[in-house]
Amino acid sequence: MEMDRYIGRLLDNRYEILEVIGTGGMAVVYKARCHRLNRLVAIKILRDEYSQDEEFRRRFHAEGQAVAMLSHPNIVSVYDVSTSDDADYIVMELIDGITLKQYMEKKQILNWKETLHFAIQIGKALDHAHSRGIIHRDIKPHNVMVLKNGSVKVADFGIAQVMSKSNTLTKEALGSVHYISPEQAKGGRVDNRSDLYSLGVVMYEMMTGRPPYDGDSPVSVAIQHINGKAPMPSTLNPNIPGGLEQIIVKAMSTDPADRYPTAAAMLADMDEFRKNPAILFDYNNPTTELDAAAHLQHRNQDPDETMPLPKTTAERVAGKTEPSRPRTDRDRSRSPQQRNARRREEIVEEREERSKVATIAIVSCAVVAVAAIIVFVIAVATGGAFGSDDNLVAVPDLLGKTQEQVTELYPDIVIKIDEKTYDSQRPKGQIIEQRPAAGVKIAKGGIVTVTVSLGPEPQTKVMEMLKDVPEQQAKDFLNNLKMDLKIISHLEASSTVGSGCVIRTDPEDKEGLSVGQTVHLWISTGPEVKTGHIPNVLGRDKEMAVKILTNAGFPNVEFQSVDSDRNEGEVVDQSVPGGTQTDLNTTIVLSISNGKSRPQTEPPTLPPIPDGYVTKTVLLELPDEMLEDGRISIWYDGKMVAEQDVYAGTLSVEFKLQGKGTMSFQAMVDENPQTAWKFDVNFDD
């Protein structure tokens with residue numbers, strides 16, 4: 001394999017290359033061990049064919065420098081950017097997990113809770129990057145890592161560039177074509193909204209099991225992105241909530257001006273949807289194809305609510321004048337001038353009345369027109385408003401057929417089993433209900449949800465396969481057996497089973513059931529989030545602080561240099577205080593003293609060393625890790641000869657001791673004899 005010559009090498013006398021873990025267009029990614037910090041890392045090394053190209057080297061180093069600007073729990077951390085001999089490389093954190101693409105291939109179609117869970121984290125990563133002027137430009141499931149605890153990290157800023165007015169694509173179509181934005185496909189200007197389009201495409205695929213556009217060649221797919229008209233997600237998966245569909249559709253607007261302006265704005269809508277999954281948004285922008293789909297969600301609202309009268313018209317309608325009335329004797333008694341003036345007033349009133357009636361008529365016509373447009377949009381959307389008739393199929397009549405039969409007979413639809421139930425009229429395995437009904441048109445590859453018969457209810461009943469079934473449906477099924485079963489639910493984290501669904505049962509599938517038996521259901525709480533206590537590393541040197549944090553389960557450590565009067569390289573502040581319980585994937589930022597504010601003083605005058613004595617630096621390993629701040633003192637012959645303050649989490653401490661030959665010393669914590677231990681020092685070594 002290419003570049004295997006790196007395996008076993010030690011870069012910069014620090015990074016030992018262990019194995020290849022990934023390949024890309026510009027570089028190969030290796031698993032390596034950092035001997036200085038004793039931790040595993042990922043190292044991306046520029047391919048040989050590009051290492052002689054100054055432009056590629058510039059882009060490669062720009063990648064590392066760009067990502068090094070970022071510090072966020074949902075972004076893969078970059079530790080180092082360097083050149084060693086003939087190797088240009090970037091050192092990154094090693095992720096223990098799989099790509100979102102692999103996760104999606106395993107799950108096929110994600111439920112809306114998982115989709116939202118992943119999308120929010122990707123959105124937060126983009127919001128952080130965009131706030132620092134960095135556009136990812138290649139958001140796709142392959143570049144999102146799913147960790148074992150269910151959190152995600154956006155990786156591979158290989159084509160990220162600092163945002164600028166001249167930031168255009170001119171030489172190559174960067175990014176993956178299935179997720180590329182229309183402006184990228186056209187070689188136009190790219191900004192943060194391009195990333196949001198790609199995020200919308202990823203959400204589309206998570207909810208439908210397929211990307212919105214596909215074709216025989218990358219060019220044909222790119223043209224589809226430019227032209228738009230993707231099938232509505234709900235035509236592929238009728239179970240998608242309306243509010244979430246609106247978010248996806250808005251993010252995927254062909255015109256960047258119709259998308260969310262920022263990742264923060266998109267996150268705000270996702271948060272509103274998370275709080276209220278029944279919410280429908282009103283974007284008030286019916287001028288674009290994709291936003292028309294968003295307005296389609298309001299099809300059940302009163303048109304007067306979606307199209308309120310302009311304020312000025314409403315005021316004119318509300319400002320009623322008194323209608324004209326028959327002339328009275330009092331009118332006749334007036335002078336000609338008074339009667340003429342009154343007549344002029346009546347003419348004005350009549351004109352105003354006619355104007356009011358005309359206004360009301362115009363508004364009524366507008367309301368009727370809006371209603372007609374909504375009906376038209378509904379009709380078009382039902383038939384696939386964003387795709388041609390060639391992309392639509394009529395749902396077949398599946399009743400009485402088996403899942404295997406319909407999968408073979410109707411490859412253009414996806415069959416999803418929603419429930420299994422006993423039915424004395426239908427043999428086991430046959431479909432007894434379907435949604436949507438036969439004859440309804442949906443997009444090719446759309447989902448049809450079915451209920452499958454378990455056959456006649458057996459005399460001796462057995463446990464059926466309930467994995468992935470929602471908890472309440474599983475309980476309803478067991479209760480319908482009428483066996484007085486005692487059902488006990490247990491909560492358990494799972495990265496493969498959606499939140500609220502059954503992971504496993506006891507008894508297991510096909511095991512017999514008896515009246516009054518206890519049945520245990522393990523219900524998924526979603527991916528597990530592991531937490532731990534942050535150790536206090538204040539006062540430690542940089543490398544020891546990293547070692548302490550890594551050993552405590554916090555591998556994501558970053559640094560910033562600060563002016564301080566503390567020793568150079570000493571930790572003077574940490575972003576999360578010691579003792580705090582937090583997510584193990586939290587990035588801990590350590591402030592490292594550069595020693596620039598340290599006062600310049602004359603070195604202290606040391607007492608003369610006795611004849612034959614030498615000074616030796618001794619690294620004293622502590623019997624146990626210091627749990628609290630304290631003071632270590634060294635004693636010889638009943639006298640204290642050295643002392644030093646130490647911080648919680650300390651594993652070892654250095655002392656300068658004087659002596660000759662081999663001498664026995666005693667150490668203790670806070671001058672407490674109960675903590676004392678002895679150690680020998682050979683000064684002749």
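Modeller: Happy to; what follows starts with the helix packing and then turns to the strand pairing. Please keep in mind that this is a predicted model.

Let's begin with helix 6 (residues 192-208) and its packing against helix 4 (residues 112-131). The two pack at an angle of about 165°, and their axes are 10 Å apart. Since angles over 145 degrees count as roughly antiparallel, helix 4 is therefore roughly antiparallel to helix 6. Their crossing is right-handed.

Which residues meet there? On the helix 4 side you will find Trp112, Thr115, Phe118, Ala119, Ile122, Gly123, Leu126 and His130, while helix 6 brings Asn192, Asp195, Leu196, Leu199, Met203, Met206 and Met207. Sorted by class, this contact of helix 4 with helix 6 has 10 nonpolar residues, 4 polar ones and 1 charged one.

Now follow helix 6 to another partner, helix 10 (residues 263-275). Here the packing angle is about 30°, with the axes 11 Å apart. Angles under 35 degrees count as roughly parallel, so helix 6 runs roughly parallel to helix 10. This crossing, too, is right-handed. From helix 6, Leu196, Leu199 and Met203 make the contact, and from helix 10 it is Ala263, Met266 and Met270. By class, the contact of helix 6 with helix 10 has 6 nonpolar residues, with no polar and no charged ones. If you colour Leu196, Leu199 and Met203, you will see them in the contact with helix 4 and in the contact with helix 10.

For the strand, let's take strand 9 (residues 144-147). Val144 and Val146 point one way from strand 9, Met145 and Leu147 point the other way, and all of them are buried. Strand 9 pairs with strand 7 (residues 97-99) in the antiparallel sense, over 3 bridges. In that pairing, Val146 of strand 9 is the bridge partner of Ile98.

Strand 9 also pairs with strand 10 (residues 152-154), again in the antiparallel sense and over 3 bridges. Val146 turns up here as well, with Val152 in strand 10 as its bridge partner. So where does a positive phi occur in the hairpin of strand 9 and strand 10? With 4 residues between the strands, the hairpin has Gly150 at a positive phi near 90°.

Methods. Residues are numbered from 1 along each chain as its sequence is written. This is a predicted model: local features need pLDDT of at least 70, side-chain atom pairs count only at pLDDT 80 or more; totals for chains, interfaces and linings use all residues. Side-chain values use heavy atoms; hydrogens and water are left out. Axes are lines fitted to C-alpha atoms, for helices over the stretch in contact, and angles run from 0 to 180 degrees between N-to-C directions. Angles under 35 degrees count as roughly parallel, over 145 as roughly antiparallel, 65 to 115 as roughly perpendicular and the rest as oblique. A crossing is left-handed if the near helix is turned anticlockwise from the far one by less than a right angle, and right-handed if clockwise. Contact means heavy atoms within 4.5 Å. Ala, Val, Leu, Ile, Met, Phe, Trp, Tyr, Cys and Pro count as nonpolar, Asp, Glu, Lys and Arg as charged, and the others, Gly among them, as polar. Buried means under 20% relative accessible area, exposed over 50%, partly exposed in between (1.4 Å probe, protein chains only). Two strands pair if DSSP finds at least two bridges between them.
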